[in-house]
Amino acid sequence: MPGIDKLPIEETLEDSPQTRSLLGVFEEDATAISNYMNQLYQAMHRIYDAQNELSAATHLTSKLLKEYEKQRFPLGGDDEVMSSTLQQFSKVIDELSSCHAVLSTQLADAMMFPISQFKERDLKEILTLKEVFQIASNDHDAAINRYSRLSKKRENDKVKYEVTEDVYTSRKKQHQTMMHYFCALNTLQYKKKIALLEPLLGYMQAQISFFKMGSENLNGQLEEFLANIGTSVQNV
């Protein structure tokens with residue numbers, strides 16, 4: 001709905017059909033936000049899980065290469081050149097494993113934490129307040145229904161007082177919960193942009209940091225070593 005950026009809290013007391021109609025639009029928008037952010041959360045969690053798996057697999061690879069010299073192959077014999085080469089690979093891959101571990105930590109802090117907070121705190125708050133507001137509205141409708149069924153001919157002052165008091169109490173509770181619900185829906189409109197951008201910024205910054213660490217580790221001496229190994233493999 002173009003031009004409408006917040007629910008009018010001052011109109012919650014009147015609770016007009018127009019206000020309820022506008023509330024429906026904001027509720028529909030909140031549902032769309034929730035569905036989209038849940039999908040994005042799942043996608044980012046896959047990135048995080050994959051990075052953790054890559055970090056663990058890289059560390060295991062380094063460990064296995066380091067243990068090559070302890071292996072006894074019936075037809076292999078002792079190959080000091082191969083052992084030395086794999087030890088060098090193990091050292092390099094271990095450094096890369098450390099970089100991957102740092103990246104995993106950064107993704108947890110800068111990407112997963114903010115989107116998890118939004119999902120578990122803000123979106124759940126909307127659902128909770130919606131349920132509370134619905135219960136309060138149902139209680140108020142029930143109180144109005146009881147009041148409308150009071151017999152005018154056999155009017156009982158005590159019963160009428162109790163029913164009238166029930167209407168007043170339930171209306172007051174509905175009004176309070178409606179204001180809280182409106183505030184939460186309005187706040188969601190401001191938070192949704194931050195909730196979307198913050199984990200994306202965290203993801204990109206973590207990746208940039210990872211690439212910088214890799215660039216620092218892959219120095220000229222290492223490139224020369226890899227080039228020599230590549231030449232040796234091609235000449236076999």
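Select helix 2, residues 80-148. At 1.5 Å a residue, its 69 residues should span 102 Å, and the end C-alpha atoms are 97 Å apart, which agrees. The expected span is 1.5 Å times one less than the number of residues. Helices here are DSSP runs (H or I, at least four residues), numbered from the N terminus.

Before moving on, note that this is a predicted model: local features need pLDDT of at least 70, side-chain atom pairs count only at pLDDT 80 or more, and totals for chains, interfaces and linings use all residues. Residues are numbered from 1 along each chain as its sequence is written, and side-chain values use heavy atoms, leaving out hydrogens and water.

**Stay on helix 2.** Go to M112. A kink of about 40° lies there, shortly before the proline P114. The bend at a residue is the angle between axes fitted to the seven residues ending there and the seven starting there.

Helix 1 packs with helix 2 at an angle of about 160°, and their axes are 7 Å apart. Axes are lines fitted to C-alpha atoms, for helices over the stretch in contact, and angles run from 0 to 180 degrees between N-to-C directions. Helix 1 and helix 2 are therefore roughly antiparallel (angles over 145 degrees count as such). What classes of residue make up the contact of helix 1 with helix 2? There are 26 nonpolar, 17 polar and 6 charged residues. Nonpolar means Ala, Val, Leu, Ile, Met, Phe, Trp, Tyr, Cys and Pro; charged means Asp, Glu, Lys and Arg; the others, Gly among them, are polar.

**Now select helix 3, residues 157-217**. At 1.5 Å a residue, its 61 residues should span 90 Å; the end C-alpha atoms lie 87 Å apart, which agrees. Find K191, where helix 3 bends by about 40°.

**Show helices 2 and 3 together.** Their axes come within 8 Å and cross at roughly 170°. Helix 2 and helix 3 are therefore roughly antiparallel, too. By class, their contact has 31 nonpolar, 13 polar and 11 charged residues.

**Zoom in on two rings.** The whole structure holds 2 aromatic pairs. One of them is F133 with Y181, a tilted pair at 5.6 Å centre to centre and 35° between the planes. Rings of Phe, Tyr and Trp (its six-membered ring) pair if their centres lie within 6.5 Å; planes under 30 degrees apart are stacked, over 60 edge-to-face, and the rest tilted. F133 lies in helix 2 and Y181 in helix 3, so the pair ties together parts 48 residues apart in sequence.

**Last stop: helices 1 and 3.** They pack at about 30°, with axes 10 Å apart. Their contact has 19 nonpolar, 4 polar and 4 charged residues.

Key. Helices (H or I, at least four residues) and strands (E, at least two) are DSSP runs, numbered from the N terminus. Angles under 35 degrees count as roughly parallel, over 145 as roughly antiparallel, 65 to 115 as roughly perpendicular and the rest as oblique.
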